[in-house]
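Biologist: I would like to go through this structure with you, starting with the backbone and then turning to the charged side chains. Could you bring it up?
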Amino acid sequence: MNKLYLTIILISFSAFGQNNVSKAGTTAGEILAMPASARGLALGNAVAGLEGDGSVFFWNPASAALVTETKISASYLPWLVGTDFQHFSFVTPIAQNLVIGGYIAMWAMDDMPVRTEQKQQGTGQYFNAGDLVLAFSIAKKMTDRFAIGLNTKYLQERIWHSTARGFALDFGTIYRTDILNGLKIITTLNNYGTDMRMDGRDLNILTDSYPSGDGNNGETPAKYSTDFWALPLNFRFGVATEAFRNDLFSLAVEIDAIHPSNNYEAIDIGMELNFRDILFLRTGFSSLGQSDSIEGFSFGGGLVIPLEDWKIAFDYGYRDFGDLGYIQAMTLGINL
């Protein structure tokens, strides 16, 4: 364990070196950064070390090793500028100290008219765009204190008839200590994978390779060449603990430092007030201290209804996005 701690400390120090360039807008796969649940949205993304719901693999695959029952969740987020994001996930123990699961995430927009310089009112055709993520996940308790997890992900981005595909991995760890009511130390490395490049028949064109010449073919088949774009690699290092508990309620707190490859370093903070595992109140702040960030205050709540052999959960989340408005999220969960 001492070697593990030393490795984590060295990684965190190297990852959080000063970055004077944000590199915003220089990566593909924006769907990989969209919050997967109303709970995570309300907690400002600071949920990787807290007790997990059905979307636990998205936030930290290692935390799934602490799940003791099958959990299923479905989330709907009306995203920015009239688009929609949906996330479906499950997690289930299959053996002692071994948990598997997976999720599917989809982002989509409505049809829009195709416009050209010559036909600015539309050509009569319509186009749309959409992203898809498919993940298979596994987590294992190595000891009664330490767990690891892995997500393997397939990613597809599409706009009209052009598509980009890629593969990525998420790694996570969680370690429970004896201090501060079992404080947990968490690390995650998200979206380590292949670069992506758009390709498809929309890139096919007819061109005149020698427009000033006479007698040449003015409609030579050609194709645009597109660049490769990296995925949004993100390193997270944080702590989470149950700060207070009595017979009526408990308060869980998480603080994470994040180092994204496409932006400045920042802090995520989340707090969850739990009334007898039935009613939950949540608040958080994402990207705190990040230069030019438009994300602001988050809040939300949840309700768990115990039934005879299972539980059903309803969660709501809200986050301010400055000039772009706000995002709301709804999640339905089932614990079996």
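Biologist: Is Asn 181 buried or exposed?
Modeller: This is a predicted model, and in it Asn 181 is exposed, with a relative accessible area of 58%. Asn 181 sits in the loop between strand 8 and strand 9.

Biologist: What is the phi of Asn 181?
Modeller: Asn 181 has a positive phi of about 60°, although the residue is not a glycine.

Biologist: And Ser 287, where is that one placed?
Modeller: Ser 287 belongs to strand 16, which covers residues 279-288. Its phi is positive as well, about 60°, and Ser 287 is not a glycine.

Biologist: Is Ser 287 buried or exposed?
Modeller: Ser 287 counts as buried, because its relative accessibility is 8% and the cut-off for buried is under 20%.

Biologist: On to the charges. How many salt bridges does the structure hold?
Modeller: There are ten salt bridges. One of them joins the side chains of Asp 178 and Arg 145, at 2.8 Å from N to O.

Biologist: Why does that pair tie together parts that are apart in sequence?
Modeller: Asp 178 is in the loop between strand 8 (162-176) and strand 9 (184-193), while Arg 145 is in the loop between strand 6 (129-141) and strand 7 (146-159), so the bridge connects parts 33 residues apart in sequence.

Biologist: How accessible are Asp 178 and Arg 145?
Modeller: Asp 178 is exposed, at 60% relative accessible area. Arg 145 is partly exposed, at 26%.

Biologist: What about Asp 170 and Lys 153, buried or exposed?
Modeller: Both Asp 170 and Lys 153 are buried. Their side chains meet in a salt bridge of 3.0 Å, N to O. That pair links distant parts of the chain, with Asp 170 in strand 8 and Lys 153 in strand 7, 17 residues apart.

Biologist: Which residue forms a salt bridge with Arg 236?
Modeller: The partner of Arg 236 is Asp 256, and their closest N and O atoms are 3.0 Å apart. Here too, distant parts of the chain are linked: Arg 236 is in strand 13 (residues 234-245) and Asp 256 in strand 14 (residues 249-260), 20 residues apart. Arg 236 and Asp 256 are both buried.

Biologist: Last one. Which residues are linked in a network of salt bridges?
Modeller: The network of salt bridges links Arg 39, Glu 272, Arg 282 and Asp 315.

Key:
Residues numbered from 1 in each chain as written. Predicted model: local features only at pLDDT ≥ 70, side-chain atom pairs only at ≥ 80, totals over all residues. Heavy atoms only, no water. Salt bridge = Lys/Arg side-chain N within 4 Å of Asp/Glu carboxyl O. Helix = DSSP H or I, 4+ residues; strand = E, 2+ residues; numbered from the N terminus. Buried < 20%, exposed > 50% of the residue type's maximum accessible area, 1.4 Å probe, protein only.
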